[in-house]
Amino acid sequence: MENWDFQTFAYEKKGDGAVILRCFSRDGRVVVPEQMDGLPVRELAPYVFSAHMDENAIADGLLDGSVHLFPHGTAKRTEMCGDRLEELILPSTLRRVGRYCFYNCGHLRRLEFSGDLNDWGSGVFNGCRQVKEICLNAEPDAATGLKQVLDELPEELTVEFFSNTVCTARLVFPEFYEEGVENTPARILETHVHGTGIRYRNCFQNRRFDFALYDSLFPYALAQENENLLTELVLARLRDPYWLDPEARTNYENYIQSHLLMFGKHFLKNRDTEGLQWYLERFADRNNSETLLVSLSTCAVRQNDPLSQSLIMDFQRKNEPVPKRRRRLEL
């Protein structure tokens with residue numbers, strides 16, 4: 001159960017639901033409840049988390065009784081807005097996010113919401129340049145409002161689909177940016193889009209994500225994106241392989257085979273022993289394991305990572321070729 005002593009919400013009643021007007025919290029991580037005083041939370045009003053909101057309307061509403069606080073009796077309050085907001089978890093009951101809701105929330109990095117949330121107001125993410133992770137509580141093949149969110153966030157980010165608290169698919173989206181280029185003879189300003197991120201964000205059919213189309217774009221990413229992004233993208237698809245056809249799997253695995261040491265160092269750098277185990281079991285065979293494992297073991301020692309070093313040594317012992325038994329000469 002959440003400790004609401006750290007979070008207070010100002011809301012108003014609208015029909016059979018509640019509309020949140022403002023949040024007050026001591027922590028940068030905000031969890032919006034599904035109900036307030038028995039009313040399902042249906043909407044975030046415009047500018048809820050923006051520092052540019054007019055507070056007089058809320059103060060007046062508290063005086064005349066049209067605005068309520070949840071929970072009741074909270075006297076000391078600190079506004080949660082602007083750069084103070086870092087992570088936001090929205091309830092499954094929410095159906096609408098008002099315009100400019102996260103205006104200039106420059107430190108917002110993670111957002112979690114339900115697949116039933118399809119109504120996003122204009123300029124919702126204006127000034128948000130640090131969003132790195134989207135958590136979507138929906139089946140990967142469900143129709144959702146994800147595309148509306150992705151179109152508003154051009155930076156590199158990761159999207160995870162969750163079903164009953166289990167991650168069913170994980171996707172990495174490269175960044176893209178638009179550039180205005182003047183066409184002097186035509187006297188017009190043309191918009192040029194750079195980066196593969198725009199292609200990846202268009203992998204939707206009737207609001208459902210198209211995994212096959214996403215995987216078909218890998219050659220474009222190979223030609224334009226850096227190794228760090230390619231590493232994350234490939235691992236996301238192979239470790240959570242939802243709707244991954246054999247050809248796409250082969251393309252991703254071939255990329256790992258051609259960059260074996262780079263991927264091994266990736267797991268060591270992130271101290272991801274579970275991922276390291278997965279990587280060794282699938283890609284360290286007898287043709288490459290000797291030199292690969294020596295290099296990885298050396299890196300683990302330099303990083304003072306005894307757990308990874310032990311894992312590598314155990315794998316090495318288990319996969320050593322069995323020596324041939326010597327024949328005994330009997331007289």
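**Helix packing, aromatic pairs and backbone features**

When neighbours within four places in sequence are left aside, Ala300 is in contact (heavy atoms within 4.5 Å) with Leu268, Asp305, Ser308 and Gln309. Ala300 belongs to helix H10, residues 289-302, where helices (H or I, at least four residues) and strands (E, at least two) are DSSP runs numbered from the N terminus. With a relative accessible area of 0%, Ala300 is buried; buried means under 20% relative accessible area, exposed over 50%, and partly exposed in between, with a 1.4 Å probe and protein chains only. Between Ala300 and His107 there are 193 residues in sequence and 33 Å in space, taken from C-alpha to C-alpha.

The model is a predicted one, in which local features need pLDDT of at least 70 and side-chain atom pairs count only at pLDDT 80 or more, whereas totals for chains, interfaces and linings use all residues. Residues are numbered from 1 along each chain as its sequence is written, and side-chain values use heavy atoms, with hydrogens and water left out.

Leu268, one of the contacts of Ala300, is also among the residues of H8 that meet H9. The axes of helix H8 (residues 260-269) and helix H9 (residues 273-283) come within 9 Å and cross at roughly 160°; these axes are lines fitted to C-alpha atoms, for helices over the stretch in contact, and the angles run from 0 to 180 degrees between N-to-C directions. H8 and H9 are therefore roughly antiparallel to each other, given that angles under 35 degrees count as roughly parallel, over 145 as roughly antiparallel, 65 to 115 as roughly perpendicular and the rest as oblique. On the side of H8, Leu260, Leu261, Phe263, Gly264, Phe267 and Leu268 take part, and they meet Gly275, Leu276, Trp278, Tyr279 and Phe283 in H9. Sorted by class, this contact of H8 with H9 has nine nonpolar, two polar and no charged residues (Ala, Val, Leu, Ile, Met, Phe, Trp, Tyr, Cys and Pro count as nonpolar, Asp, Glu, Lys and Arg as charged, and the others, Gly among them, as polar).

Across the whole structure, a search finds 22 aromatic pairs, a pair being rings of Phe, Tyr and Trp (its six-membered ring) with centres within 6.5 Å, counted as stacked if the planes are under 30 degrees apart, edge-to-face if over 60 and tilted for the rest. The ring centres of Tyr47 and Tyr100 are 5.5 Å apart and their planes lie at 20°, so this pair is stacked. Because Tyr47 lies in the loop between strand S5 (39-44) and helix H1 (56-64), and Tyr100 in the loop between strand S8 (96-97) and strand S9 (110-114), the pair ties together parts that are 53 residues apart in sequence. Tyr47 is partly exposed at a relative accessible area of 27%, and Tyr100 is partly exposed at 26%. Trp278 and Phe283 form an edge-to-face pair, with 5.8 Å from centre to centre and 65° between the planes; Trp278 is buried at 12%, and Phe283 is buried at 4%. Ring pairs also link Phe161, Phe173, Tyr200, Phe204, Phe209, Phe211, Tyr214, Tyr242 and Trp243 into a cluster.

Turning to the backbone, Phe70 and Pro71 are joined by a cis peptide bond with omega of about -5°. Asn304, although not a glycine, has a positive phi of about 55°; Asn304 is found in the loop between H10 and helix H11 (306-318) and is exposed, with a relative accessible area of 62%.
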